[in-house]
Amino acid sequence: AEAVSTIMNNGENIKPSTITKIEFLDGREPIIVDPEVKELLSPGAAYLTTELMKHAVSGPNAGFLAPTRRPYPVFGKTGTHQWDKTRAAELGIPKGAAQNRNMITATDRFSMATWVGFDKHETKDHYLNNRITSMNLPGNLNSYFLDLLANEYGPGKEIARPDDVVEITHIKGPFPYQRP
């Protein structure tokens with residue numbers, strides 16, 4: 001979730017914190033958390049990544065991200081860790097079974113990471129079969145969280161394109177390419 005928030009913040013990493021301000025009843029000055037900000041990606045690289053993540057949710061092949069589609073921009077990425085074929089065969093684990101599934105979903109203001117699976121892979125009972133996988137627990141959880149956030153804080157908004165990303169029109173033709 002922290003890595004995705006870096007992408008969503010134009011490449012700036014802001015350490016996550018659950019506490020942003022401490023107020024005192026006796027009137028003392030509040031303590032305001034001022035997190036360190038580091039630029040880890042160029043704004044252009046971050047923006048292009050968000051565009052890919054937005055297309056992963058809103059595009060024609062959303063798959064497990066489909067439950068997170070909204071009428072506002074949502075950005076996402078899924079992941080699955082499959083069993084090693086040799087180890088799966090040793091334990092009698094069915095073909096296609098997964099060790100875990102994860103999903104990252106974000107809006108312009110919030111990012112969330114959901115993980116479902118097993119942290120130990122020692123027995124034949126530590127896998128996600130096709131029935132469990134088809135429930136799409138990460139997708140449904142992230143969908144639920146998106147609804148809660150939208151109801152409390154409003155829907156997500158588009159990410160502004162930074163100055164280091166430009167749009168061009170390319171005319172296919174002989175090399176070297178020339179302007180019309």
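Which residues make up the largest nonpolar core? I find ten: Val-4, Ile-7, Met-8, Tyr-47, Met-53, Phe-75, Ile-104, Ala-106, Ile-159 and Val-165. My rule for a nonpolar core is a set of buried Ala, Val, Leu, Ile, Met, Phe, Trp, Tyr and Cys residues joined through side-chain atoms within 4.5 Å. Buried is under 20% relative accessible area, exposed over 50%, and partly exposed in between, with a 1.4 Å probe and protein chains only.

Ground rules before I go on. This is a predicted model, so local features need pLDDT of at least 70 and side-chain atom pairs count only at pLDDT 80 or more, while totals for chains, interfaces and linings use all residues. Numbering runs from 1 along each chain as its sequence is written, and side-chain values use heavy atoms, with hydrogens and water left out.

α1 gives the most, with three residues. Helices (H or I, at least four residues) and strands (E, at least two) are DSSP runs numbered from the N terminus. I also noted a second, separate core of eight residues, including Val-57, Ala-62, Met-103 and Leu-146.

**Helix α2.** I list its buried residues as Gly-44, Ala-46, Tyr-47, Thr-50, Met-53, Lys-54 and Val-57. They pack against α1 (2–8) and β5 (75–82). Leaving aside neighbours within four places in sequence, I see Met-53 in contact (heavy atoms within 4.5 Å) with Val-4, Ile-7, Val-74, Phe-75 and Gly-76.

**Asn-13.** I placed Asn-13 in strand β1 (residues 12–14). Asn-13 counts as buried because its relative accessibility is 9%. Glu-2 is eleven residues away from Asn-13 in sequence and 7.7 Å away in space, C-alpha to C-alpha.

Asn-10 is not a glycine, yet its phi is positive, about 55 degrees. Asn-10 sits in the loop between α1 and β1 and counts as partly exposed at 36% relative accessibility. Asn-136, also other than glycine, has a positive phi near 50 degrees. I found Asn-136 in the loop between α4 (130–134) and α5 (137–153), and at 7% relative accessibility Asn-136 counts as buried.

**Cavities.** How many cavities of 30 Å³ or more turn up? I get two. On a 1 Å grid over the protein atoms alone, a cavity is a set of points where a 1.4 Å probe fits but cannot get out, a pocket is an open set with protein on both sides within 12 Å along at least five of seven lines, and lining residues have an atom within 4 Å of a point. Grid points are joined across faces, edges and corners, and a volume is the space filled by probe spheres set on the points. The largest cavity holds about 70 Å³, and its lining includes Tyr-72, Arg-109 and Leu-146.

**Pocket.** I put the largest pocket at about 260 Å³. Among the residues lining this pocket are Ser-5, Asn-9, Lys-15 and Pro-35.
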